[in-house]
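The report below looks at a surface patch and at the pairing of aromatic rings.

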Amino acid sequence: MQATLPLEKYREILDITPVCTVDVLFFNSDKTRTLLFKRKNEPIKGSYFSIGGRLLKNESFVDCAVRQALREAGVAIKKDGLIFGGVQEEFHPNSVFEGVSYHAVDIFYGYVLDNKEIKLDSQHSDHQWFSVSDDTINPFIKTKIAGL
C-alpha cells in the first residue's frame with residue numbers, strides 16, 4: 001500500500017480525475033452534536049469540516065477511516081463502531097494546488113466518540129462541537145449528517 005504520492009503526481013491526478021476519499025464524522029452519544037475540524041489548507045481553508053482523506057490502493061474503506069481518524073485527530077477508533085453513511089461527490093473550485101479544482105467521490109462514516117483527547121495534525125488548527133442542526137455547517141457536512 002502506497003502511503004504518499006509525490007506532490008507533483010498528486011497535482012496531476014487532481015487536475016485530470018476525481019479522487020476517492022473516506023471521511024469520518026464524529027458524534028456525541030445521542031447524535032445531537034458533531035465534532036468538526038478547522039482546516040488550514042484548501043479546499044475550504046478556514047472552515048470546520050469532517051476528517052478524512054484519500055483512499056490508498058489496496059486499502060479497505062474502513063481501514064482508511066481508522067487510519068484517517070488516528071492521523072488527523074489522534075483518535076484510535078474501532079472498525080465495528082463505524083456506521084456507513086453513504087457516498088457523495090464533493091466539488092470545490094480550488095485545492096491545495098493553485099489553479100486546480102477539487103473533485104472527490106467521498107465515502108463517509110459516522111462514529112460515536114466518547115470523551116477522547118483530540119490531537120490535531122498539521123492540517124487543522126482547531127476542533128469544535130456543533131449542533132447537528134446548526135445552519136452554519138458546510139452543506140456537504142449537512143448531507144453527511146442526513147445520511148447518518
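## Nonpolar surface patch

Together, Phe84, Val87 and Val105 make up a nonpolar patch on the surface, with about 260 Å² of accessible area. Patches consist of residues with over 30% relative accessible area and no salt bridge, like charges being joined within 9 Å and nonpolar side chains (Val, Leu, Ile, Met, Phe, Trp, Tyr) within 5 Å; a salt bridge is a side-chain nitrogen of Lys or Arg within 4 Å of a carboxyl oxygen of Asp or Glu. Accessible areas come from the Shrake-Rupley method with a 1.4 Å probe, and for residues only the protein chains shown count as cover.

Val87 is placed in strand β5 (residues 83-92), where strands (E, at least two residues) and helices (H or I, at least four) are DSSP runs numbered from the N terminus. Val87 has a relative accessible area of 53% and is exposed, a class that begins over 50%, with buried meaning under 20% and partly exposed in between (1.4 Å probe, protein chains only).

## Basis of the model

The model is predicted, so local features need pLDDT of at least 70 and side-chain atom pairs count only at pLDDT 80 or more, whereas totals for chains, interfaces and linings use all residues. Residues are numbered from 1 along each chain as its sequence is written, and side-chain values use heavy atoms, with hydrogens and water left out.

## Aromatic pairs

The structure holds five aromatic pairs, defined by ring centres of Phe, Tyr and Trp (its six-membered ring) within 6.5 Å, with planes under 30 degrees apart counted as stacked, over 60 as edge-to-face and the rest as tilted. Among them, Tyr10 and Phe97 pair edge-to-face, at 6.0 Å centre to centre and 65° between the planes. This pair links distant parts of the chain, 87 residues apart, with Tyr10 in helix α1 (residues 7-16) and Phe97 in the loop between β5 and β6 (102-112); both Tyr10 and Phe97 are buried.

Phe26 and Tyr111 also form an edge-to-face pair, at 6.3 Å centre to centre and 80° between the planes. Because Phe26 lies in strand β1 (residues 19-27) and Tyr111 in strand β6, the pair ties together parts that are 85 residues apart in sequence. Phe26 and Tyr111 are both buried, and ring pairs link Phe26, Phe37 and Tyr111 into a cluster.
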